Amino acid sequence: MGAKSRCKGWWAWLLVLAIFGLVVGAVVLAVVKKVKKNSGGDDGAVPGPPGAITQKYSDALKLAVQFFDVQKSGQLVDNKISWRGDSGLKDGSDVKLDLSKGMYDAGDQMKFGFPMAYTATVLSWTILEYGDQMDAVNQLQTAQASLKWITDFLVNAHPKDNVLYVQVGDPKKDHACWYRPEDMTESRPVTQVNTSAPGTDVAAETAAAMASASLVFKKSDATYSDTLLKHAKQLFTFADKNRGSYSESIPEVQQFYNSTGYGDELLWAAAWLYHATGDKEYLDYVTGENGDKFAQFGKPTWFSWDNKLAGTQVLLSRLTFFGGKDTSDNSGLQKYRKTAEAVICGFLPSSPTATKSRTDNGLIWVSEWNALQQPVAAAFLAALYSDYMLTSRSTKLECDGDTYKPSDIRKFVRSQADYVLGDNPMKMSYLVGYGDKYPKYVHHRGASIPANQKTGCKDGFKYLDSTDPNPNIAVGALVGGPFLNETYIDARNNSKQAEPSTYNSAVIVGLLSSLVTTSSAVKSFT
């Protein structure tokens, strides 16, 4: 009996230890899962209002939005850039229009309507998606004011249903000068598209800008919003009924902002008009034969001022995440979502379909001219898509058999932003004013000439050729960026790398706004 009793006691203790081990194991597993879930950040429950601020992105955003002030034309109101003043006050006067507002496209004094309208569309999109985040760091009103500075110009540039002024200034004469915009003396001719000289691409992009901006101002200024939407509808009809590229109607723009096609702008504009109106005719437009003709389903493209397809695909995919029955199950919209998925899969470095167009340190790299446009735009689209997934509780993206979570996409987004802000082989921020090391010889006329020096067209070139750093900081400018070998030559004459642009500013503001804090994606723009 004694031996049996000791044996039973031993088995009892063994059973207790086994149960205890299982309990401990379950607790440890639960803790590990929770840690993984929390470390991913984006894989947890859908976030609510903006949370904790990420300081580096907040600081960078506050700088980036200021470049719009640097680029403003016209009679400046509440001017925050000490070395800028009024300029272009007579723009449009030869055709009895006020085209004084708007923004100069880059480091010169030209106003090109095509990239300017794209700037407005992307800035509107950013405000609509990330307005709460921008507001959390007091940048929303500033961004809205910059947007209105552009849309005021676009409204005035559209005096008749079938007439749109798309350029102010003569690019050849402008590029033969180097002086501050405040000191311009040469004539500033204006150029239009119309039924005889069509410009489907630029007219449709302007329609997209007007439609998206109408949503931004819908609550704060309903009358202005209605005006923008009226112009958007008229411009879309003009663009669609009078098809032709503005690059063919105005051959001189081919050297500067050549359009490679207008189908993408038609779809982009119709997509924004559907969001702005809810009118099914615009949904039918993008999902019908125009979609089949222009959307290039299944073929990922790069998002830029020239090509809007990737942006259109992501924008329309949001309807499959958040739309009603008429959109969430729409077979045409599913084609856009599938292509958007292919676009995002191409961005992810570990994806089986990852693009090889990137540097050794992971920056998306497509062109040596204005190299940062594509990676920043790509990261902006990826941020949007990851937020759509997160808010709709879509847990995975499938890329040729491999699956990725919103946090995986966010990792890519942060990698591109961090590279721009200094996590790169040059240890240099490509956002002017951010960090201790950033470009000092930005290819920008106003920044290169002392504010108290008045120069003529030609004698200002001594400042272009000067070996001294710019006397004025083009705060918030995103320069062109590195070569494929990840080097950067900080020289004012190096326009490939050193010239900033307003359209680059639009996408970097969008990217930084997506990262400054966390919150759920809005399910509707209205």
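# A first look at the predicted model

Colleague: Where is Met103 found?
Modeller: Met103 is found in a loop. To name its flanks, helices and strands are DSSP runs numbered from the N terminus, helices (H or I) having at least four residues and strands (E) at least two. With those names, Met103 is in the loop between α3 (66-70) and β1 (111-112).

Colleague: What is the mean pLDDT of the chain?
Modeller: This is a predicted model, with residues numbered from 1 along each chain as its sequence is written; local features need pLDDT of at least 70, side-chain atom pairs count only at pLDDT 80 or more, and totals for chains, interfaces and linings use all residues. Side-chain values use heavy atoms, with hydrogens and water left out. The pLDDT is the predictor's confidence in each residue, from 0 to 100. Here 91% of the residues reach 70 or more, and the chain mean is 92.

Colleague: Over which residues does the model have zero contacts beyond four places in sequence?
Modeller: Contact means heavy atoms within 4.5 Å. Where pLDDT is low, the predicted coordinates should not be read in detail. The stretch with zero contacts beyond four places in sequence, where pLDDT stays under 50, is residues 1-20.

Colleague: How many contacts does the stretch of residues 23-45 have beyond near neighbours in sequence?
Modeller: Residues 23-45 also have a pLDDT below 50. Beyond near neighbours in sequence, the number of contacts of this stretch in the model is 14.

Colleague: Why do α4 and α17 count as roughly parallel to each other?
Modeller: Axes are lines fitted to C-alpha atoms, for helices over the stretch in contact, and angles run from 0 to 180 degrees between N-to-C directions. Angles under 35 degrees count as roughly parallel, over 145 as roughly antiparallel, 65 to 115 as roughly perpendicular and the rest as oblique. Helix α4 (residues 113-136) and α17 have axes 12 Å apart and pack at an angle of about 30°, so the pair is roughly parallel.

Colleague: Which residues of α4 make the contact with α17?
Modeller: On the α17 side the contact includes Phe380, Leu384 and Tyr388. The α4 side is made by Val122, Trp125, Thr126, Glu129 and Tyr130.

Colleague: How do the axes of α5 and α8 cross, and at roughly what angle?
Modeller: In the contact of these helices, Lys148, Thr151, Asp152 and Val155 in α5 meet Tyr224, Leu228 and His231 in α8. The axes of α5 (residues 140-156) and α8 (residues 222-241) come within 11 Å, crossing at roughly 50°. That angle makes α5 oblique to α8. The axes therefore cross obliquely, at roughly 50°.

Colleague: Which residues does Gln374 touch, not counting those up to four places away in sequence?
Modeller: Gln374 is in helix α17 (residues 373-391). With a relative accessible area of 10%, Gln374 is buried. The residues that Gln374 touches, with that exclusion, are Trp302, Ile364 and Val366.

Note on methods
Buried < 20%, exposed > 50% of the residue type's maximum accessible area, 1.4 Å probe, protein only.
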